[in-house]
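My notebook is open and I am ready to look around. Here is what I went through, one entry at a time.

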Amino acid sequence: MQHSGVAFGTSGARGLVTAMTDRVCFAYTVGYLRHLATLGEFAPGTDVAVAGDLRPSTPHILRACVAAITHMGGRPVFCGFVPTPALCLYAFGRGIPSLMVTGSHIPADRNGIKFNRAHGEFLKSDEAAMREEDVDLPDSLFDGSAALISPPILPPVTDVVPGFIARYRDFFGSDALSGLTLGIYQHSAVGRDVLVHIVEALGGRAVPLGRMEDFIPVDTEAVRPEDATLARQWASDGELDAILTTDGDSDRPLLADRAGDWLRGDVLGILAARFLGACAVTTPVSSNSALELSGFASDVRRTRIGSPFVVAAMTEAAAAGSLPSVGYEANGGFLLGSDVTRNGRTLRALPTRDSVLPMLCALVAARDAGMDLAELVRTLPPRFTLSDRLVEMPTAQSRDRIARLSEDPVQGAEALGLCKICGPLASVDETDGLRMTFADGRVVHLRPSGNAPELRVYVEADSPEQAQTLLRAGLDAVSLWREQA
């Protein structure tokens, strides 16, 4: 890990493609399986499910992972190029380990491996234990450039998509989207065709849009200006009731209303949790505080950013009897920590990020209420969040600047010019990065990205205009850090 630069981020091992050699990916997979062996979840003869996204580098990483599984005596089950939640649904249902080769939303010059336990996501405690595993690599397998001398052929595909589609059809019903015309922004998402099939299975009319052959890093938390423009163009003729898309590995949703305006992921999470009648809701500290103001959940838990933290707290809530227990992230990824029954139909727990479920919840809730999505959003308390990122900001530099700011946040907030906009600093939260709440209720949250050399800036305010002004001010202020030693 130290020599390659490939390290654990908020969701699996991530690194530059040039650093993710066959040798490095092989070593990671061996360490992963050795850790699972200590837990009784892997032994020679165990099936291990694998899948990947559509990045150009994904096939070579998949082959290295398959080689490592075979080397350890496991039986690789190749599920093809499918959404991460489709892989997890299959693997969790069979009680077998699984890994997904994906860099999610980060640029194509990077990639990653997301590891799963037999019945749920890899938690931070698993990552720590995996780091301690001794891995001996047979040098005879690799050439001088750390490439496999004889890379394996990927096994025949085990089709996991039909079961994934049936999950939603059986819960919502085959006419749940009847009468709706839904655009599917396909770009380079691995689930782009699966999403079309799901919409059609639920009775909706799917209109594929914007399919691309080159990989596009769609970030559901920081929507590209190009994607905002495209959505409004597609919506301009009034034919579409909504537009649906996902990030690269299709575990994070992005849903636009009839006007082509993308909904924030944390707003989508509130709508989905309310629709499902959740008693316990777990979400990171960066998510919209309209959740608490809505009042439907009696048990709200706030965590650090990253699905492993959400999964851990969501699972604790379920164990404590707060049911149904759900979780979501500001990027929109929705996690079902317990079974949910609605209208006599039960949806089984899926404790990993799911992009499809929250979008369907919002669409069905709006249809049942005779509203469009924009009207449904207006039923929530008026709190507005925005986020963006300062790119090419080294993580170490971000952490150093935030640590210095934390030493005297009052003076730091004034130096950044934020007090001129929001008034005096009222409180700070260091659960993950530095979250500053000001006297007028506005919030600025600074946090280094766990996946790329970026500084994330989150804001919250009482109006979209206030949020936009504050986001711009926050980005302008921290952009000076990039120029300073």
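**Entry 1: a strand pair.** I looked up β7, residues 181–187, and found that it pairs with β8 in the parallel sense over 6 bridges. I keep in mind that this is a predicted model. A reminder to myself: strands of a sheet pair through backbone hydrogen bonds, either parallel or antiparallel.

**Entry 2: the whole sheet.** In what order do the 4 strands of this open sheet come? I read β8-β7-β9-β10, with mixed pairing. The edges are β8 (205–211) and β10 (253–256); each has a single partner strand, so one side of each is left without a neighbour in the sheet. I also noted that neighbouring strands are turned by 25° against each other on average, direction ignored.

**Entry 3: helices on the sheet.** I found α6, residues 192–201, lying across β7, β8 and β9 (242–246), and it runs at about 170° to β7. Next I checked α11, which packs on the sheet and touches β7, β9 and β10. Its direction makes about 25° with that of β10.

**Entry 4: the cores.** Which residues have the most contacts inside the largest nonpolar core? They are Phe 172 and Leu 255, in a core of 65 residues. Beyond its close sequence neighbours, Phe 172 is in contact with residues including Leu 357, Leu 360, Cys 361 and Val 364. Another core of 34 residues lies apart, with Val 48 and Phe 142 among them.

Methods
Residues numbered from 1 in each chain as written. Predicted model: local features only at pLDDT ≥ 70, side-chain atom pairs only at ≥ 80, totals over all residues. Heavy atoms only, no water. Core = buried A, V, L, I, M, F, W, Y, C linked by side-chain atoms within 4.5 Å. Buried < 20%, exposed > 50% of the residue type's maximum accessible area, 1.4 Å probe, protein only. Contact = heavy atoms within 4.5 Å. Pairing = 2+ DSSP bridges. Helix = DSSP H or I, 4+ residues; strand = E, 2+ residues; numbered from the N terminus. Axes fitted to C-alpha atoms, helices over the stretch in contact; angles between N-to-C directions. Lists of a residue's contacts leave out its neighbours within four places in sequence.
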